[in-house]
Amino acid sequence: MSLSFLTKIARSPSAFIGLSLLLLLLLIAIFAPWLAPYDPNWQHAAQRLLAPNAAHWLGTDSYGRDILSRLIYGTRPMLGLVGLVALITLPLGLFIGILSGYYGGWTERILMRFTDIIMSMPSLILAFAFVAMLGPGLLNGALALALTAWPAYARQARSEIQHLRNSDYLAAAEMMGINGIRLLWGHILPLCLPSAIVRLALNLAVIILAAAGLGFLGLGARPPMAEWGAMIAEGMPVIFDQWWVAAIPGTAILISSLAFNLLGDGLRDVLGESHE
């Protein structure tokens, strides 16, 4: 990452705040064992549903577990799932989109019809169906969300490549003997990557909400692992009396989604300036 790019991010309030929040979440996830005041799975029936106090800064849940400790450990499955979705979604979508846009013909028709089929289905409902078939778990949840999120990247990459397919830039590269994988990897992919990264940053906010939905329904990380969506589900029966049990993990989800939205909005401006 070049110094000029980092300077542009620092000058963009949205990108700087979003990136700072994400780095903070990453540090919390890495140093969770040292930051959490208690074992996140330790239950104490005599201390269940305590309000925030000096011993438990964010209170305790219905099992007497410290909410702050569970909130800190909950960053791990959240960031892990987001990372897995990004690693699957972006390469798969770009691969299908680049092949469709560059080669055209039957390759484009087959790949785009398959993409249209996936896009025609409600993504969240389709993800729930995948998890119901595969079974609950962090890896299965990430796989289900990734398999329903890639079509948007494929359509975007295909549209961009169609405009570039007959450009002088690619024609010059082909005249120099650059073709096949070298052309796709070294010349076409870098042209599609900036807009795809911006879309990914914006879409990951939606992925966080979907992952929380899976956890809320008991289809995310397996208990007793701390997971923000599951923490909200545990707090729903007592939301009118002990509101903090559900409100605190809900606020964490809101802040995480806001961080990705701010980063995506800032990257759109920064990468747009880089290509001017």
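**Side-chain contacts and burial**

Trainee: What is the relative accessible area of Asp116?

Mentor: Asp116 is classed as partly exposed. Buried means under 20% relative accessible area, exposed over 50%, and partly exposed in between, with a 1.4 Å probe and protein chains only. For Asp116 the relative accessible area is 27%.

Trainee: Which atoms do the side-chain values use?

Mentor: This is a predicted model, in which local features need pLDDT of at least 70 and side-chain atom pairs count only at pLDDT 80 or more, whereas totals for chains, interfaces and linings use all residues. Residues are numbered from 1 along each chain as its sequence is written, and side-chain values leave out hydrogens and water, using heavy atoms.

Trainee: With which residue do the side chains of Asp116 meet in a salt bridge?

Mentor: Side chains of opposite charge can pair when their charged atoms come close. The criterion for a salt bridge is a side-chain nitrogen of Lys or Arg within 4 Å of a carboxyl oxygen of Asp or Glu. The N to O distance is 3.0 Å, and the partner is Arg113.

Trainee: How many residues apart are Arg158 and Glu108?

Mentor: Arg158 and Glu108 form a salt bridge, with the closest N and O atoms 2.7 Å apart. Arg158 belongs to helix 8 and Glu108 to helix 5, so the pair links distant parts of the chain. Arg158 is buried at 18% relative accessible area, and Glu108 is buried at 13%.

Trainee: Which residues are linked with Arg65 in a network of salt bridges?

Mentor: Arg65 lies in the loop between helix 3 and helix 4 (67-103) and is buried, with a relative accessible area of 4%. Asp61, also buried, meets Arg65 in a salt bridge of 2.9 Å, N to O. In the network, the residues linked with Arg65 are Asp61, Arg70 and Glu234.

Trainee: Why is helix 11 largely enclosed by the rest of the structure?

Mentor: Helix 11 spans residues 228-235, and its buried residues include Trp228, Met231 and Ile232. It is largely enclosed because, of its eight residues, the number buried is six.

Trainee: Which parts does the pair of Phe114 and Trp150 tie together?

Mentor: Rings of Phe, Tyr and Trp (its six-membered ring) pair if their centres lie within 6.5 Å; planes under 30 degrees apart count as stacked, over 60 as edge-to-face and the rest as tilted. Phe114 and Trp150 are stacked, at 5.7 Å centre to centre and 25 degrees between the planes. Phe114 is partly exposed at 43% relative accessibility, whereas Trp150 is buried at 3%. The pair ties together parts that are 36 residues apart in sequence: helix 5 (residues 105-119) and the loop between helix 7 (138-149) and helix 8 (151-164).

Trainee: At what distance from the ring centre of Trp106 does Arg109 lie?

Mentor: A charge sits over a ring if NZ of Lys or CZ of Arg is within 6 Å of the ring centre and within 35 degrees of the ring normal. Arg109 lies over the face of Trp106, and its distance from the ring centre is 5.2 Å.

Terms used:
Helix = DSSP H or I, 4+ residues; strand = E, 2+ residues; numbered from the N terminus.
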